[in-house]
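The exercises below concern ligand surroundings and open space in a protein model. Work through each task before reading its solution.

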Amino acid sequence: MNRISIIIVAIIACGALTASMLVQPISYDGQTPVSSILMALGDATPSHYVGTQDAEKIEKGKDLVMTGGPWMDGKVEYRLSDHFVCIDCHNIQPEAPFADDNDPDSRLQYAKEFNQAYLPGSTLYGITNRTSWFNGDHEKKYGKELVDPARHDLKNAIQLCSKECSVGRELTDDEMESMLHFLNAIELKLKDLNLSGDEMAQIAKVGQSAEEKAASIKLIKSKYLDGYPATFAEEIPTKERKMGKEGNLENGKWIYEKSCLHCHSPQKTITDRTLFGSGKDQKDFKWLASYFKKSNGGSVYWITRHGTASKEHIPQYMPIYSQEKLSNSQVEDLAAYILVESKK
Ligand code: HEC
Ligand code: HEC
C-alpha cells in the first residue's frame with residue numbers, strides 16, 4: 001500500500017467509527033425518568049424541577065405525604081394537617097399500565113390486580129410530569145380565585161391541596177423542597193410510556209436535528225396525560241337507579257373496601273362521626289341500602305357526587321368523586337354489592 005492509500009483507509013476507518021458512534025442509540029432503560037429524556041432533547045425545565053436526588057430530602061418528602069410529617073424538629077404540632085394525610089385521597093403508585101390511560105374501568109382493574117386503593121384524588125405518581133392541575137370542574141368546588149394560581153403551578157397546587165383539601169396549613173419552603181424531591185422521585189419512567197420499538201428508536205437516536213428533537217418531545221408527551229380532566233356529575237336520577245339489582249359484585253366489593261373503607265374504617269378518626277364503617281358490617285350495609293332511593297347524604301348515589309363540606313366543628317369532609325374517579329356504572333356496582341351484603 002502506498003502512503004496515499006493508507007491515509008484513505010485511515011479516513012474511511014475513522015468515518016466508519018464516527019458513524020457507528022452516531023447510530024448507536026442512547027441507552028435508556030425502563031427506569032429512566034421521562035423528564036431527563038425530555039431535557040436531553042432540549043425541552044424547557046419546569047419550574048418545580050429540583051435537579052438533585054438528595055436521599056434525605058426524598059425521605060422527608062415521603063414522610064410528609066404518608067404521615068403528615070412530624071419530622072420538623074420532631075414537633076407534632078408541625079404536622080401538615082390534624083385531619084388528613086395526603087394518602088387518604090391520593091395514591092403514590094401508577095394507576096394504569098401506561099400513563100395515557102385514565103379510564104375508570106381500567107384504573108379499577110389495575111387497582112384490583114396490584115391490591116391498591118381506588119381514590120377520589122389523582123395519583124401523585126407522575127404529577128411532576130403534568131403541566132396543569134385542579135382541572136375541569138374542581139374550580140366549582142374551590143373557586144376561581146384559589147384554582148387559577150394552582151392550575152399551571154405545581155407548588156401552588158400543593159399549597160392549595162395541603163390547606164384546603166387536606167384542611168391543614170401551607171408547607172414551609174423547606175417542606176416544599178422535600179415534597180418536590182419526593183414527587184420528582186416518583187415521576188414517570190420510560191416503562192410507563194406505551195412506546196413501540198420504532199418510537200423508542202426515534203427517541204433514543206443520537207444526533208437528532210432540531211426538527212427531530214421537537215418531534216421526539218412531542219411523541220413522548222403524547223404518551224401521558226398533561227393534566228387529569230375532572231367532570232363533576234349529578235347523582236343518577238332516582239328513576240334510573242338500579243337500586244342494587246344489577247352490577248358487578250366483585251367491582252363493588254373492591255370499591256367499598258378500597259375506596260369507601262379507606263376513610264370509613266375503625267382505624268380512622270372519622271369513624272367516630274360517620275354512620276358507617278365502624279366494623280359493624282351487617283348494620284352498615286342495611287343502613288346504606290335503606291337510603292338508595294334518597295337524594296341526601298345517606299345515599300351512596302348522592303354522597304359520591306356531592307361529598308360533604310368541611311365545617312368548623314367537623315373539619316373532616318368527604319371529597320367529591322368526579323366521573324373520572326368513579327363512573328356511574330361503578331356506583332351501581334357498589335350499590336349491588338351493598339344490597340347483596342345487606343341480605344346475608
Ligand atoms: C381529603 C382528600 C385530599 C387530601 C387529604 C389531599 N388531597 Fe390533594 N387533591 C384531592 C382532590 C379531590 C384533588 C382534585 C384533583 C385531582 O387530584 O384529581 C386533589 C388535587 C391535588 C393536586 C393536583 C392534582 C391534579 O392532577 O390536578 C395535588 C398536587 C395535590 N392534590 C397534592 C396533595 C398533597 C401533597 C396532599 C397532602 C399534603 C394532598 N393533596 C392531600 C384530595 C385530597
Ligand atoms: C377521603 C375520605 C373519604 C372517602 C374516600 C369516602 N368518604 Fe364518605 N365520608 C367521609 C367523611 C369525613 C364523612 C363525614 C362528613 C361529615 O360528618 O360531615 C363522610 C360521610 C359519608 C356519608 C354520610 C353518612 C355518614 O356516615 O356520615 C356517607 C353515606 C358516605 N360518606 C359514603 C361513602 C361512600 C359510599 C364512599 C365510597 C364510594 C365514601 N364515603 C368514601 C370521608 C370519606
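**Exercise 1.** How far does a polar side-chain atom of His-264 lie from a nitrogen atom of ligand 2? Then describe the rest of the surroundings of ligand 2.

Solution. The model is predicted.

Step 1. The distance from the polar side-chain atom of His-264 to the nitrogen atom of ligand 2 is 2.8 Å.

Step 2. Lys-311 also makes a contact: an N or O atom in its side chain is 3.0 Å from an oxygen atom of ligand 2. With a cut-off of 3.5 Å, the His-264 pair and the Lys-311 pair are both polar contacts.

Step 3. Ligand 2 is surrounded by 26 residues, and His-264 is among the closest, together with Cys-260, Cys-263, Leu-275 and Met-318. The shell divides into 16 nonpolar, eight polar and two charged residues.

Step 4. At least two shell residues come from each of helix 11 (249–263), helix 12 (281–290) and helix 13 (300–306).

**Exercise 2.** Which pocket holds ligand 2, and what lines it?

Solution. 

Step 1. Ligand 2 sits in the largest pocket, with about 650 Å³ of space.

Step 2. The lining has 32 residues; nearest the centre of the pocket are His-264, Thr-274, Ile-303, Thr-308 and Met-318. By class, 21 are nonpolar, eight polar and three charged.

Step 3. Helix 11 gives the largest share of this lining, four residues. Domain 1 (30–230) and domain 2 (238–342) each contribute at least three lining residues.

**Exercise 3.** Where does ligand 1 sit, and why does it lie between the two domains?

Solution. 

Step 1. Ligand 1 sits in the largest cavity.

Step 2. Both domain 1 (30–230) and domain 2 (238–342) supply residues to its shell, so ligand 1 lies between them.

Step 3. Of the 24 residues around ligand 1, the nearest are Cys-86, Cys-89, His-90, Ser-122 and Cys-161. Helix 7 (residues 154–165) supplies the largest share of the shell, five residues.

- His-90: a polar side-chain atom, 2.8 Å from a nitrogen atom of ligand 1.
- Ser-122: a polar side-chain atom, 2.6 Å from an oxygen atom of ligand 1.
- Phe-134: a polar backbone atom, 2.7 Å from an oxygen atom of ligand 1.

**Exercise 4.** How many residues line the second largest pocket, and how do they divide by class?

Solution. 

Step 1. The second largest pocket, with a volume of about 290 Å³, is lined by 17 residues.

Step 2. Six are nonpolar, six polar and five charged.

How values were computed:
Residues are numbered from 1 along each chain as its sequence is written. Chains are lettered from A and ligands numbered from 1 in the order in which they are written. This is a predicted model: local features need pLDDT of at least 70, side-chain atom pairs count only at pLDDT 80 or more; totals for chains, interfaces and linings use all residues. Side-chain values use heavy atoms; hydrogens and water are left out. A residue is near a molecule or strand if one of its heavy atoms lies within 4 Å of it. A polar contact is a pair of N or O atoms within 3.5 Å; within protein, one must be able to donate a hydrogen and the other to accept it, and residues adjacent in sequence count only if both atoms are side-chain atoms. On a 1 Å grid over the protein atoms alone, a cavity is a set of points where a 1.4 Å probe fits but cannot get out, and a pocket is an open set with protein on both sides within 12 Å along at least five of seven lines; lining residues have an atom within 4 Å of a point. A molecule sits in a cavity or pocket if more than half of its atoms lie within 2 Å of its grid points. Domain bounds come from an automatic or database domain assignment. Ala, Val, Leu, Ile, Met, Phe, Trp, Tyr, Cys and Pro count as nonpolar, Asp, Glu, Lys and Arg as charged, and the others, Gly among them, as polar. Grid points are joined across faces, edges and corners, and a volume is the space filled by probe spheres set on the points.
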